[in-house]
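Please read each of them with the sequence and the coordinates at hand.

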Amino acid sequence: MKKLLTATAASALMASAAFAGGHAKEVKIGVILGFTGPIESLTPSMADGAELAMKEVTDSGLLLDGATVTSVRADSTCVDAAAATAAAERLVTSDKVDGIMGADCSGVTGAILSNVAVPNGVVMISPSATSPALSTAEDNGLFFRTAPSDARQGVVMTEVLMEEGIKEVALTYTNNDYGKGLADSFQAAFEAAGGTVTISAAHEDGKADYSAEVGALAAAGGDRLVVAGYVDQGGSGIVRSAIDSGAFDTFHFPDGMIGAKLEENFGDEIEGSSGQHPGTDSPGVAKFSEMVGGAFDSTSPFTPEAYDAAALILLAMQAANSKDSADYKGKIMDVANAPGEKIYPGELAKALQIIKDGGEVDYVGATAVELIGPGESAGNYRQITIEGGKITTAKYR
């Protein structure tokens with residue numbers, strides 16, 4: 001009996017040693033998104049996308065010698081920095097997550113980064129925070145994003161409008177880091193291309209009446225109203241007021257306004273309107289759509305980016321042979337970019353095996369991932385138009 005106990009104890013010690021240095025039977029990934037707030041209609045499919053990658057990795061049995069991946073959700077609210085920070089703090093200190101997929105909106109992402117991720121040394125990969133200010137945030141090499149900076153989106157918006165012959169626009173933006181950063185980027189690009197912004201005015205979310213704001217926008221005039229807001233909040237309030245008052249009948253919508261709610265709220269009332277959000281027609285996005293089937297909306301903005309964000313965290317852990325952020329943060333750029341075998345959605349098991357065998361991978365994913373500079377997407381966009389009351393793809397850029 002004593003020999004049996006000794007053997008059992010030795011076996012336990014060996015198992016413990018095997019999972020030392022960052023190994024564990026369970027890897028926890030925090031999924032912090034605005035499940036309530038101004039983009040709450042977008043976040044369920046984003047979370048589902050991230051969790052699809054986690055399930056794929058768990059099912060493979062290949063991550064860190066058989067670790068399972070568990071998602072722990074938390075609500076960023078999108079707009080309340082204090083609430084988002086508190087939620088992220090719980091993920092790190094109470095739930096003890098090994099990485100964070102999120103946050104979503106730029107302001108809360110910056111708050112979580114500086115107040116929680118950096119002090120605690122936890123990797124964050126955001127699928128949707130697009131503020132140019134995040135490119136230069138102090139992050140100790142912990143922050144990445146699978147969405148491009150709005151410095152790029154401002155240029156794309158300009159190209160879309162100029163190609164449609166729109167040379168004069170009124171501009172309104174939600175009064176936060178995302179809205180202001182995008183508005184400034186767009187105005188600089190549009191004016192540099194010879195366009196005129198007749199007015200650039202902030203709006204606050206949560207108001208019942210936007211007639212005063214729309215009155216000022218209408219007085220300034222323009223061929224189209226650019227609404228850099230949120231589809232579940234003030235952005236839709238602005239559009240409704242503009243339509244009802246006859247101030248504008250066509251609009252241009254950046255990423256925060258594009259989603260199923262836009263169709264539900266306005267249908268053919270916004271016929272002929274334009275817009276764009278990060279997206280690609282790469283082979284990866286088709287593979288992602290096939291994987292998802294009808295489980296959730298695979299084309300919803302930032303949903304493919306969420307799958308890719310979670311996948312990158314897990315592949316980097318495998319490359320570092322550790323779930324410790326300090327170990328795997330330096331591997332994210334390696335697994336995201338060439339050289340290596342190209343990896344698409346549904347091929348995470350293949351990637352994990354290649355890495356385990358000492359090979360290299362170039363994660364292409366659902367969004368043609370290429371991380372540049374400070375660890376952000378180089379940027380591909382889906383240009384949309386409203387036809388028959390539906391969001392339809394015009395082209396990809």
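Does S273 count as buried or exposed? The points below begin with that residue; the model is a predicted one.

1. S273 has a relative accessibility of 0%, and because buried means under 20% relative accessible area, S273 counts as buried. Its place is in the loop between α9 (260-266) and β10 (274-278).

2. The surroundings of S273 may be described through its contacts. A polar atom of the S273 side chain lies 2.8 Å from the backbone oxygen of I270. When residues up to four places away in sequence are not counted, S273 touches D249, T250, F251, F253, I384, T385 and I386.

3. Helix α6 covers residues 177-192, 16 residues in number. From its first C-alpha to its last, α6 reaches 22 Å, which is close to the 22 Å expected at 1.5 Å a residue.

4. Both ends of the α6 region deserve a remark. At the N-terminal end, α6 is capped by N176, with a side-chain oxygen 3.1 Å from the backbone nitrogen of Y178. Just after α6, G194 adopts a positive phi of about 95°.

5. Which residues of α6 are buried? They are Y178, G179, G181, L182, A183, S185, F186, A189 and F190. The buried residues of α6 pack against the helices α4 (106-120) and α5 (150-163), and also against the strands β6 (168-174), β7 (196-203) and β8 (224-228).

6. Leaving aside neighbours within four places in sequence, A183 is in contact with L171, Y173 and S200. Of these contacts, Y173 is 10 residues from A183 along the chain, and the C-alpha atoms of the two are separated by 6.4 Å.

7. A further point concerns a pair of helices. Two packed helices are described by the angle between their axes and the distance between the axes. For α10 (residues 283-292) and α11 (residues 303-320), the angle is about 90° and the axes are 11 Å apart. The two helices are therefore roughly perpendicular to each other. On the α10 side the contact is made by V285, F288 and M291, and on the α11 side by T303, P304 and Y307. The residues of this contact comprise five nonpolar and one polar, with no charged residue.

Terms used:
Residues are numbered from 1 along each chain as its sequence is written. This is a predicted model: local features need pLDDT of at least 70, side-chain atom pairs count only at pLDDT 80 or more; totals for chains, interfaces and linings use all residues. Side-chain values use heavy atoms; hydrogens and water are left out. Axes are lines fitted to C-alpha atoms, for helices over the stretch in contact, and angles run from 0 to 180 degrees between N-to-C directions. Helices (H or I, at least four residues) and strands (E, at least two) are DSSP runs, numbered from the N terminus. Angles under 35 degrees count as roughly parallel, over 145 as roughly antiparallel, 65 to 115 as roughly perpendicular and the rest as oblique. Contact means heavy atoms within 4.5 Å. Ala, Val, Leu, Ile, Met, Phe, Trp, Tyr, Cys and Pro count as nonpolar, Asp, Glu, Lys and Arg as charged, and the others, Gly among them, as polar. The expected span of a helix is 1.5 Å times one less than its number of residues. Buried means under 20% relative accessible area, exposed over 50%, partly exposed in between (1.4 Å probe, protein chains only). A polar contact is a pair of N or O atoms within 3.5 Å; within protein, one must be able to donate a hydrogen and the other to accept it, and residues adjacent in sequence count only if both atoms are side-chain atoms.
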